[in-house]
Amino acid sequence: MSGGGRTLRVRELATARSGDKGNHANIGVVARDEAAYGILLSRLTAVRVQDYFKELGVTRVERFELPNVLALNFLLYDVLGGGASRSLRIDTQGKLLATALLELTLFLPQRED
Amino acid sequence: MSRVLRIANAAGFLGDNLDAPQRLVESAEVDYLTLEHLAELTMSILARLREKDPQAGYATDFVEIVRDLTPALHAQSQLKIVTNSGGMNPPACAKAVAGVLTEKGLGGLPIGVVTGDDLLSRLAELQAEGCEFVNLETGQPLADAGLAVVSANAYLGAQPIQQALAGDARLVITGRVADASLTLGPTMHKFGWRWDDWNKLAAASVAGHLIECGAQVTGGYSVDWQKYRLADVGYPIAELGESGDCVITKPAGSGGAVNRTTVVEQLIYEIGDPSHYLTPDVDCDFTTVNVREIGPDRVAVSGASGNPATDSYKVSLAYRDGFMASGQLLVYGVDCREKAQACGEMILERVRAAGFELARTNIELMGVGAGVPGAWFWRKYQPPGELVLRVTVHDPRREAVERFTREIAPLITSGPAGLAGYATGRPQVRPVYSYWPTLVPKSLVQPKVEVRPAKECLQ
């Protein structure tokens, strides 16, 4: 890695759970601790998440913060190919989105401690 | 009288573990057992059953569950059951359950039935009164869409449940009510809060939201699944205090776990803006909630805040939207990827040749990333030597979809070598119901509550 810094998978920092809301889905990301929450807050942006899932046709991603419980909630619009009743995909309800998000790679610039 | 109210939930959807309710009440003493049996899709399936038979359209699983619970209902005088298993037909559900109770010597047990959520027969009348059922996403009024509506149900709140309990019901059967209201209803009955004590309403609704999906808060659906014994996972219990704060726990000795992670994962499950989790009863703010581990498998949840409920009910409205079918084959060999794609295209080409241009089609290669197309985190791994081809189609014409289902098996003799898995027969054609997200003013909906002894529900 040039320029210093390191990479981390989201799964090293958090757990996650996803589900459907009509044709939209949400992914709840629960940080393992406060330090992990801080990294997720600065690195796991709505833009990163939207880009990661772009092939699913997601039109917009909103991120909500729950600092009390060290969690982020991502709302992914129009991502389910029609939703539970009419999606042609194996994962009609977006149950796998969280598992996929845990493999997203975050880059952390080197820090002087 | 204890000032802690213990509410359990032992079903998170229709099809959940049938033994969970009995296991729960036999391993922990609770005041209420709730069972959540309805999802949007479930409502339209039940609507279709009721169309064919006026005595059908409820969750028949519940009748079996009540049969298993009769010993506990005899032995535990405090135990009450609150469920939305009534589906599209709460009176018929009550009648079936009453049969079981009467047969087991519980004919005197009062059953509360909540109706008034079903708007299907009232759609024209409500539209005449000015409710246009505007689609929340597109802004189009329902009448302009010309749809074949199969079900339309308002999500009722906790008030009719509380009324049924005030009428001494030991078993409350509802149709469509908001999931969190199954917990708020008993809580209001116990503590008698005001219906505008928004913070308390929000707190009990948070408890309801946490337990509504059953084992999802006790270790089920966890990333950390290897840490838990899930085969005999315990279903959740919320212990509510007079302040509205609660402790989430599970029966002693059961599998699974209750910890900060299992609880927070469920807190943000299937929600949008956490500052506005809307139920018919209250507008909840989850961002003020605190979660703290206070003992083994015990997590304290506090600090929820609430704002006034809106003046409308959400409506679950479904309409007919053609037919779908899905077929699968195992494709084997070093060339499985190209071969599977070619087989999928061959099937669709043959359907086209038979005269049917299908409206929507999808070819998936399960084993090389079909679960989340584009999220190729594992692309560094070797290509597989086998995968499952899945082809799914959707069309307004049943005969077009029917034709598709007949084009999979012929590949065994007229496609490439290295295919298996035909033995299960042709895929089923299923009707599709799509959803029209909309609202109805509360003033136009009157929930109805009736409490009668089981034996009087038999007629």
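Leaving aside its neighbours within four places in sequence, with which residues is Ile7(B) in contact? In this predicted model, the contacts of Ile7(B) are Val30(B), Asp31(B), Tyr32(B), Thr34(B), Thr183(B), Pro186(B), Ala238(B) and Leu240(B). Ile7(B) belongs to strand S1 of chain B, which spans residues 5-9. Ile7(B) counts as buried because 28 C-beta neighbours lie inside 10 Å, where 20 or more are required. Between Ile7(B) and Glu450(B) there are 443 residues in sequence, and the C-alpha to C-alpha separation in space is 23 Å.

The domain assignment divides chain B into domain 1 (5-316 + 438-457) and domain 2 (321-434). A separation of 38 Å is found between the C-alpha centres of domain 1 of chain B and domain 2 of chain B.

Two helices of chain B were examined for burial. Helix H2 of chain B comprises 13 residues, 40-52. From first C-alpha to last, H2(B) reaches 19 Å, close to the 18 Å expected at 1.5 Å a residue. Glu40(B), Met43(B), Ser44(B), Ile45(B), Leu46(B), Ala47(B) and Arg50(B) are the buried residues of H2(B). These buried residues pack against three strands of chain B, namely S5 (149-154), S14 (312-332) and S18 (430-435).

Helix H11 of chain B, residues 336-353, has 18 residues and a reach of 25 Å between its first and last C-alpha, close to the expected 26 Å. Its buried residues are Cys336(B), Lys339(B), Ala340(B), Cys343(B), Gly344(B), Ile347(B), Leu348(B) and Val351(B). Because they cover an arc of only 165 degrees around the axis, they are on the same side of H11(B). In an α-helix, residues three or four places apart point the same way, because there are 3.6 residues a turn. Glu349(B), Arg352(B) and Ala353(B) are exposed on the other side of H11(B). The cover over the buried residues of H11(B) includes strands S14, S15, S16 and S17 (419-420), together with helices H12 (398-405) and H13 (411-414), of chain B. Gly355(B), with a positive phi near 100 degrees, follows H11(B).

With 23 C-beta neighbours inside 10 Å, Phe133(B) counts as buried.

An open, antiparallel sheet of 3 strands in chain B has the order S9-S10-S13. Strands S9 (277-278) and S13 (305-307) of chain B are at the edges and have a single partner strand each, so one side of each lacks a neighbour in the sheet. S9(B) is joined by 2 bridges to the antiparallel strand S10 (residues 283-285) of chain B, and Tyr277(B) is positioned opposite Cys284(B) in S10(B).

The contact between the chains draws 41 residues from chain B and 35 residues from chain A. On the side of chain B that touches chain A, two or more residues are given by each of helix H10 (260-267) and strands S11 (290-295), S15 (360-366), S16 (386-395) and S18 of chain B. By class, this side of chain B consists of 22 nonpolar, 11 polar and 8 charged residues.

Key: Residues are numbered from 1 along each chain as its sequence is written. Chains are lettered from A and ligands numbered from 1 in the order in which they are written. This is a predicted model: local features need pLDDT of at least 70, side-chain atom pairs count only at pLDDT 80 or more; totals for chains, interfaces and linings use all residues. Helices (H or I, at least four residues) and strands (E, at least two) are DSSP runs, numbered from the N terminus. The expected span of a helix is 1.5 Å times one less than its number of residues. A residue is buried if 20 or more other C-beta atoms lie within 10 Å of its own, exposed if 12 or fewer, and partly exposed in between; C-beta atoms are placed from the backbone. Two residues are in contact if their C-beta atoms, placed from the backbone, lie within 7 Å. Ala, Val, Leu, Ile, Met, Phe, Trp, Tyr, Cys and Pro count as nonpolar, Asp, Glu, Lys and Arg as charged, and the others, Gly among them, as polar. The arc is that of the directions from the helix axis to the C-beta atoms. Domain bounds come from an automatic or database domain assignment. Two strands pair if DSSP finds at least two bridges between them.
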